[in-house]
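Here is a short briefing for a reader new to this structure. Keep the sequence and the 3D view open while reading.

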Amino acid sequence: MAMTTDAMLDLIKETAEQVIRPRWRALSSGDIAEKNPGDFVTVADQEAEVLLTEALLKAYPEALVVGEEATAADPALVNGLREAEHAFVVDPVDGTRNFVEGTADYAVMIGEVRAGEIVRGWIWQPEHDAAWVAERGAGTYRNGERVTRRAPDPELLHAETSMRSLRRSATPPQIAELAWTAFSCGIDYPKLCAGGNDVLVYRAIKPWDHIPGALLVRELGGVARLINGQDYQGQTEGGPLVVGVDEPAWQVGAEWVAGAR
């Protein structure tokens, strides 16, 4: 049985309460592993992804479910997104390093794709008690209230990136402030929607990281586009990814990245 947008959010919240939040600031050394140096995974990631995947497949048995941890075990899984008629991406704990370190800046995310187009996205920030939801053509919502955003001052843009090489490059004059991202897309994208930043630049473009947030931004009139000019719909090649609160902000970010490469 298909799940309503609210039902999906309830599933995410329930999963977080069941297996994620009890581990926050309570992880033992045996609860943490490294997929690659510095790339952490915890029992919370693993157990949450299993629960979310099982629920999604029960509701949508024909759908492809691409989870971050399942893809770590089977890297070819993500390739199915290119051809899938209906798919979900699952990031059980986005910002796992932050979670491991006991900071509040982590999130649980699900994105839905139909025929190559992002149609729904959910970001739940448990420790901030903030639910961000978007549906294509229906707007972006925070805790049930529709979000609107004023256009930024085009000469006073706030940019954030996790790319060390970009931070060492000359900053465009339109960028008044440059900072690191939160190293959690589930924090970064909502921050942009709320007015806390205007431009985001990422080197890594993993679908579970960016699909939900890209839709949040687009539903507010923003842009999430690869440096090659393609709108981001879950591609795994063609980055970096530049996100702008509007087209002029995206152009500033794109030109900055192009000049620094």
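This is a predicted model: local features need pLDDT of at least 70, side-chain atom pairs count only at pLDDT 80 or more; totals for chains, interfaces and linings use all residues.

- Strand 3 pairs with strand 4 (residues 86-94) in the parallel sense, over 4 bridges.
- Within strand 4, Val90 stands opposite Gly67.

**Strand 14 and its partners**

- Strands of a sheet pair through backbone hydrogen bonds, either parallel or antiparallel.
- Strand 14 (residues 241-244) pairs with strand 13 in the antiparallel sense, over 4 bridges.
- Two bridge partners show this pairing: Val223 faces Gly244 in strand 14, and Leu226 faces Leu241 in strand 14.
- Strand 12 and strand 14 also run antiparallel, joined by 4 bridges.
- Here Val201 stands opposite Val242 in strand 14.
- Is each face of strand 14 covered or open, and which residues lie on it? Both faces are covered. Leu241 and Val243 are buried on one side, and Val242 and Gly244 are buried on the other.

- Helix 6 (residues 185-193) is largely enclosed by the rest of the structure, because 8 of its 9 residues are buried.
- The buried residues of helix 6 are Cys185, Gly186, Ile187, Asp188, Tyr189, Pro190, Leu192 and Cys193.
- Lys191 also belongs to helix 6. Lys191 counts as partly exposed because its relative accessibility is 35%.
- Leaving aside neighbours within four places in sequence, Lys191 is in contact with Glu160, Gly196 and Asn197.
- Lys191 and Ala224 are 33 residues apart along the chain, and their C-alpha atoms are separated by 15 Å.
- Gly195 follows helix 6, and the phi of Gly195 is positive, near 100°.

**Asp45, a buried charge**

- Asp45 sits in helix 2 (residues 43-59).
- What is the nearest side chain of opposite charge to Asp45, and how far away is it? Lys35 is the nearest, at 6.2 Å. Asp45 is buried yet has no salt bridge. A salt bridge needs the nitrogen and oxygen atoms within 4 Å, so a separation of that kind falls outside the rule.
- Asp45 does make polar contacts through its side chain. One joins the side chain of Thr42 at 2.6 Å. Another joins the side chain of Thr96 at 2.8 Å.
- Not counting residues up to four places away in sequence, Asp45 touches Glu69, Pro92, Val93 and Thr96.

**Salt bridges**

- The count comes to 13 salt bridges.
- Arg120 forms a salt bridge with Glu112, the closest N and O atoms being 2.5 Å apart. Arg120 counts as buried at 9% relative accessibility. Glu112 is buried too, with a relative accessible area of 2%.
- Glu17 and Arg21 form a salt bridge, with closest N and O atoms 3.1 Å apart. Glu17 is partly exposed at 43% relative accessibility, and Arg21 is partly exposed at 32%.
- Arg225 bridges to Asp231, with closest N and O atoms 3.3 Å apart. Arg225 counts as buried at 16% relative accessibility, whereas Asp231 is partly exposed at 40%.
- Salt bridges that share partners also join Glu17, Arg21 and Glu127 into one network.

Methods: Residues are numbered from 1 along each chain as its sequence is written. Side-chain values use heavy atoms; hydrogens and water are left out. Buried means under 20% relative accessible area, exposed over 50%, partly exposed in between (1.4 Å probe, protein chains only). Lys and Arg count as positive and Asp and Glu as negative; His and the chain ends are not counted. A polar contact is a pair of N or O atoms within 3.5 Å; within protein, one must be able to donate a hydrogen and the other to accept it, and residues adjacent in sequence count only if both atoms are side-chain atoms. Contact means heavy atoms within 4.5 Å. Two strands pair if DSSP finds at least two bridges between them.
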